[in-house]
Amino acid sequence: MSTGFWGTTAIVGVGETDYVRGSDRHVCDLILDAAMEAITDAGLTPADINGIIPPPGYMSTEEIAAHLGVPDVAYHVSVLMGGASPTASLQTASMAIACGLADNVLVCMGWNGYSALSPKPDAQPTKRTMNLGPMGETVRNFYAPYGLMSAAQHYSLYLRHYVEKHNVSEDAAAAVAMACRKHAQLNSKALMRGKPLTREDYNASPYIAEPLRKFDCCVETDCATAIVVTSLERARDLAHPAAVYLGGAEGHPAPADEIANRPNLLELGIHRAAPRAFERAGVQAHDIDVLEIYDCFTYVVLLQLEALGYAEPGGAGEFVANGNVELGGKFPMNTHGGLLSQGHCWGLNHVVEAVRQIRGTADAQVKGAELALVTGYGDLGDGSVAILGSDR
Amino acid sequence: MRTYIPKPEWIILDWHHDCIAAEMLCIQQCAACGVWRHPPRKFCASCFSDDVSFQPVSGNGTVLSKAVSHRSLDPGWQEQAPYATLLVELAEGPRVLAATSVAPDEIEIGHHVTVRIDPHGHDFALVWADPVSTTTSRLESTT
C-alpha cells in the first residue's frame, strides 16, 4: 500500500429497502429505514454516529440526524457526482475517520426514482427534489433544446461514437444485460426477480436512443440504501467481518461539465480513477474476485471494463462473453442484478452487495470472495472506484 | 414544432445575442492566442487572456457522432421521433450539438454538414446542421 491511510477503515453496516416501482412510502421513510438498518446491522446505535454524508437531495444531514436521534454531528459533507457519488463518498468518509474528524460515518442514498416520473394516480408527489449538480445547467442550456432530456440520450452521443469506432457488437451489450438479469433471479430484493431475460427478449426490445435498447437501460425504482464506515480497529469489535476499504479514487473527464468538446469522447472519469485506485489498494485487476460495475447502461459497463484494464478499448465484448462475468465465471459481475435488474440506488446498492460478498452472506455468493471492486459513474462521465477486501 | 426553449443567462446569453445579431453561428475566440472555444468560458484557458469575443465561423463541419432518439420527454420532439441530434465538429475546431432536418438514416458519422442558426425570440438561437448538398460536394471535389 502506498500510504498508511489506505486499508485503515472499513464498512461495518449495510441497509437497503426493497427495490420497487411505486412505493407506498414517502422517500424520507425509505432513506431513514435504510439508515437505521445499516446502523443496527453494524451493532451500533444512532448515538454512535457522528459523521453523515446525505443523499444528493431529498433530505439534509440536519434532518437525518434529527429523525434518527444522532445527538452530535461532528462532520458532514455532500458529494455531488451523480451516480459516482456513493463510491466516491468512501474516500471522504475514510479521510474524516483517519483524520479524527469523525468516528462512525453514515452514508445514505435514496430516492423515488420511479414515482417521480410515474406517480400513482392517488399519490401526493413529493416537493423534495434531487440536486442535479453540474448536469443541471448544461442539460438546460445545451442538450434539452435539441430534444436530449434523458441520460440515455446524453450518453448516446458518445456510446454511438464508441460502437462505430470499435465496431462493438450488440452481443456484448446483451451479455451484460443478461448476466445482470440472471443474477437478479437469485437476489431476494431485486425488482426483476422472477422475470428472466432471453436474447430474443433483448433483440425485440425497442430502441430508446441508439445504440441503447430498452433492455440496455437500468430500471428506475423507488429505494434507499445506507452504509456505516468506521476505523478497522473499531470494526474488529463489531458484529460482522469487516469489509476493508483498501483503496479508491475518483476521476473526472475534461471538461467534466460538457460532453461534446472533450478531445477524446471516450476518455471518461474512470479512465483517470482506475489506475489511482489499483495503486492505492496495492492490487491488480486480475486479483479481483467479484466486480460490481455501475450499470446505468450496458455499453457504459463495457467502457468501464476497458478503463479498468480487463480489455483493450473496444474489446470488452470478449471479456463479458461465455459466462465469464456470470456467477461461476472467472469475474462474476453485478451479483445482485445491478441497476439493470436489481434496482437503481445510485450504486450504493453495488457497495452494499460488495460488502455482503466480502462477508460471505450475499444471495448470489461468490465462493471465497476476498476482493471486490466497485465502480460509480455519474453526471456527464464522472467516475469512481473502490476496492474492498476481507480483513486477512 | 413547439419544443422546450431555455432562458439563457450570463455568457451563454451573450453567445446567443451575438449569434442572433450576426445572423449566423458565432463561436468564442481568444484575440490574444486565436484559440476557438465552445461552450463559452469566462476567459481563455489556453493563455488566460480575457480578451475573448464571439466571432462568426465558416459554418462548415463534420458529423462526429449522432444521437438517434426514439423517445423524448419533450412533447414537441416526441412528435418528430425518431430524430437525430448531431454532434458536429466545426472546421474551426470546436464542436456543437445541432438539430437536423434530415431523417436519422440519411446522415452518418463523417458526413460534411453546413451549420446555420434559427432564432427563437431575442435570447435563444437553435443550431441546425444539414448535409452539404451533392451539387456542392461535386463542386468541392473538382476545385
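Colleague: What is the bridge partner of A:Gly51 in S3(A)?

Modeller: In this predicted model, A:Gly51 has A:Tyr75 as its bridge partner in S3(A).

Colleague: What makes S2(A) and S3(A) a pair of strands?

Modeller: Strand S2 (residues 51-53) of chain A is joined to S3(A) by 2 bridges. Pairing requires at least two bridges found by DSSP. The value meets that requirement, so S2(A) and S3(A) count as paired. The two strands run parallel.

Colleague: Why are strand S3 (75-76) and strand S9 (290-292) of chain A said to stand at the edges?

Modeller: The open sheet of chain A has 9 strands in the order S3-S2-S4-S7-S1-S8-S11-S10-S9, with mixed pairing. S3(A) and S9(A) each have a single partner strand, so one side of each lacks a neighbour in the sheet.

Colleague: How many helices and strands does chain A have, and why is it called as compact as a globular protein of its length?

Modeller: Chain A comprises 13 helices and 11 strands. The C-alpha trace of chain A spans about 55 × 50 × 40 Å along its principal axes.

Colleague: Which residues make the contact of H1(A) with H2(A), and how do they divide by class?

Modeller: H1(A) contributes A:Leu32, A:Ala35 and A:Met36, while H2(A) contributes A:Ile64, A:His67 and A:Leu68. By class, this contact has 5 nonpolar residues, 1 polar residue and no charged residues.

Colleague: What orientation do H6(A) and H10(A) have to each other, and how do you know?

Modeller: Helix H6 (residues 170-184) and helix H10 (residues 298-307) of chain A have axes that cross at roughly 100 degrees and come within 8 Å. That angle falls in the range of 65 to 115 degrees, so H6(A) and H10(A) are roughly perpendicular. From H6(A), A:Ala172, A:Ala173, A:Val176 and A:Ala177 meet A:Thr298, A:Tyr299, A:Val301 and A:Leu302 of H10(A). The contact has 7 nonpolar residues, 1 polar residue and no charged residues.

Colleague: Turning to chain B, what is the order of its elements, and why is it called as compact as a globular protein of its length?

Modeller: Chain B has 3 helices and 8 strands, which follow one another from the N terminus as α-β-β-β-β-α-β-β-β-β-α. The radius of gyration of chain B is 16 Å, close to the 15 Å given by the globule rule for 143 residues, so chain B is as compact as a globular protein of that length. Its C-alpha atoms fill a box of roughly 45 × 45 × 25 Å along the principal axes.

Colleague: Why do strand S2 (36-37) and strand S3 (52-56) of chain B stand at the edges?

Modeller: In chain B, an open sheet of 3 strands has the order S2-S1-S3, with antiparallel pairing. S2(B) and S3(B) each have a single partner strand, so one side of each is left without a neighbour in the sheet. Strand S1 (residues 26-30) of chain B is joined to S2(B) by 2 bridges, and B:Gln28 has B:Arg37 as its bridge partner in S2(B).

Colleague: What do S7(B) and S8(B) form, and what is the phi of B:Gly121?

Modeller: S7(B) and S8(B) form a hairpin with 5 residues between the strands, and B:Gly121 in the turn has a positive phi of about 75 degrees. The strands, S7 (residues 112-119) and S8 (residues 125-131), run antiparallel and are joined by 7 bridges. B:Asp118 stands opposite B:Leu126 in S8(B).

Colleague: How many residues does each chain give to the contact, and which element gives the largest share on the side of chain B?

Modeller: Chain B gives 30 residues and chain A gives 27 residues. On the side of chain B that touches chain A, S4(B) gives the largest share, 6 residues. That side has 19 nonpolar, 7 polar and 4 charged residues.

Colleague: What makes S5(A) and S4(B) a pair across the two chains?

Modeller: Strand S5 (residues 207-210) of chain A and S4(B) are joined by 2 bridges and run antiparallel. At least two bridges are needed, so S5(A) and S4(B) count as paired. A:Glu210 stands opposite B:Val68 in S4(B).

Methods: Residues are numbered from 1 along each chain as its sequence is written. Chains are lettered from A and ligands numbered from 1 in the order in which they are written. This is a predicted model: local features need pLDDT of at least 70, side-chain atom pairs count only at pLDDT 80 or more; totals for chains, interfaces and linings use all residues. Two residues are in contact if their C-beta atoms, placed from the backbone, lie within 7 Å. Helices (H or I, at least four residues) and strands (E, at least two) are DSSP runs, numbered from the N terminus. Ala, Val, Leu, Ile, Met, Phe, Trp, Tyr, Cys and Pro count as nonpolar, Asp, Glu, Lys and Arg as charged, and the others, Gly among them, as polar. Axes are lines fitted to C-alpha atoms, for helices over the stretch in contact, and angles run from 0 to 180 degrees between N-to-C directions. Angles under 35 degrees count as roughly parallel, over 145 as roughly antiparallel, 65 to 115 as roughly perpendicular and the rest as oblique. The radius of gyration is taken over C-alpha atoms; the globule rule is 2.2 Å times the number of residues to the power 0.38.
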